[in-house]
Every structure is written in structure tokens, then in C-alpha cells.
Amino acid sequence: PGADDALRINGIGQLVKDLGVEYVFPDRFNAAASTYTKIDLPRGIGNQSMRVIKAAVEADVRINLAVAKTHNVTKMTMCLKHMMGFLQQPGLLHSNLEQGIADLSTPSSMQAHLHILEAIRVRIPHGSFPTCAGPETDLTNPLVVSRRNKVIAGTDPVLVDSFGCVDLFDIQPQDLTHVLRAHE
């Protein structure tokens, strides 16, 4: 679902409202253009700029909280790929997705100060077409969702994702092109 539906279903949206926290959950298809701002990526290879959520750029501290899971295009989603959620039009990266993810991790006004990889339950590769979402749980289908009970945190998203590759998915970091390119 879209962000609004997901936040309603998981209860986080209501919790944020009840706590009186300042929040921005834009609908990227209907949000005003002023919701986003252009950032420069001077060390980007495929992208020298991107449009991102303005409130995130203006924040004093940015914490990237990603969920470890499989993905049908990049194989895995962890901290590096999760930063795409700040983009006004993440679909524009798909023509050169791995380099776009790596470019987004280069120094910029959008860079997160802390990266947290939540790996309590991890959607793991299974079958010929791994999916990034579904109704399965570690109880209903442990071949698809594995209970790992881990949280990995650090200031370097390449290091966090590299550790996640080895520890959570039993692959080498260089097997994920976007991790390799971000490292480079």
C-alpha cells in the first residue's frame, strides 16, 4: 500500500499523531511541489542531483531506519536502498537503479547521520522470484520470513549493509551491485 495506508494499518500514523510529533508523510503523487527540494550530489556518477523531501533536508538529524528484506529488483533492501524513500520520484532511478542508490549515498545535504537496519523478522530469498512484501510471517511461512531478532546500527550505510549481506542473507557484499558501487 501507499504510505498513508501502511501507516494506518501498522498503527504508526496514529501513534505519531497521538504523541504530537511533527511529521511529513507526503503522497508523492499529490504533494505540492514545495514539499520537495533539489539536492546536489557532487560525487554522484549517474546522478548529480535529485529531488527529495524538503523537511528531511532541513532536519537537524536524519536517522535512516530500514527493514532488511528481499527485493525483486535489487535482490535485497537494506539501508542504502531504503534512502530511496526520500525521493520525489524514486521510479526515475530504475533505468540505472544500482548506480542511483550508490549516488544517493554520496555526501550531500540528505545524508543520514545514523543508519539502523531492523532485522527482527527478515524476508529471505525463496523460490525463483523473491518478493519484497506479502502476508507471510515467520510463523506462517518460515521459508519466506525468518526470525533473526537483530538490530544493526552504524554511521556508514555501506558497512551496515555489508554486514547485513553476510550475517542475514549469507551473501558477499559485492554480490549486490549497489553496495559495491556505494563502496567504490
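## Helix α3 and Glu-58

Glu-58 belongs to helix α3, which spans residues 54–58. The structure is a predicted model. Because exposed residues are those over 50% relative accessible area, Glu-58, at 54% relative accessibility, counts as exposed.

## Helix α5 and its cover

Helix α5 comprises residues 97–104 and is mostly covered, with seven of its eight residues buried. The buried residues are Leu-97, Gln-99, Gly-100, Ile-101, Ala-102, Asp-103 and Leu-104.

The cover over these buried residues includes β2 (49–53), α4 (79–82) and α7.

## His-178 in helix α7

Helix α7 runs over residues 177–183 and contains His-178. This helix is also among the elements that cover the buried residues of α5. His-178 has a relative accessible area of 1% and is therefore buried, the limit being under 20%.

When residues up to four places away in sequence are not counted, His-178 touches Thr-74, Met-76, Leu-80, Lys-81, Glu-98, Ile-101 and Ala-102. Of these contacts, Ile-101 and Ala-102 are listed among the buried residues of α5.

## Ser-146 in strand β6

Strand β6 covers residues 145–154, and Ser-146 is placed within it. Ser-146 has a relative accessible area of 16%, so it is classed as buried. The side chain of Ser-146 makes a polar contact with the side chain of Arg-148, at 2.7 Å.

Beyond its neighbours within four places in sequence, Ser-146 is in contact with Ile-120, Arg-121, Val-122, Ile-124 and Asp-138.

## A nonpolar surface patch

Leu-15, Leu-19 and Val-21 together make a nonpolar surface patch of about 290 Å². Leu-15 is located in helix α2, which extends over residues 12–19. Leu-15 has 48% relative accessibility and thus counts as partly exposed. That value meets the requirement of over 30% relative accessible area for patch residues.

An α-helix has 3.6 residues a turn, so residues three or four places apart point the same way.

Conventions
Residues numbered from 1 in each chain as written. Predicted model: local features only at pLDDT ≥ 70, side-chain atom pairs only at ≥ 80, totals over all residues. Heavy atoms only, no water. Helix = DSSP H or I, 4+ residues; strand = E, 2+ residues; numbered from the N terminus. Buried < 20%, exposed > 50% of the residue type's maximum accessible area, 1.4 Å probe, protein only. Polar contact = N/O pair within 3.5 Å; in protein donor to acceptor, adjacent residues only side chain to side chain. Contact = heavy atoms within 4.5 Å. Patch = residues over 30% accessible without salt bridge, like charges linked within 9 Å, V, L, I, M, F, W, Y side chains within 5 Å. Areas by Shrake-Rupley, 256 points an atom, 1.4 Å probe, with all protein chains shown as cover. Salt bridge = Lys/Arg side-chain N within 4 Å of Asp/Glu carboxyl O.
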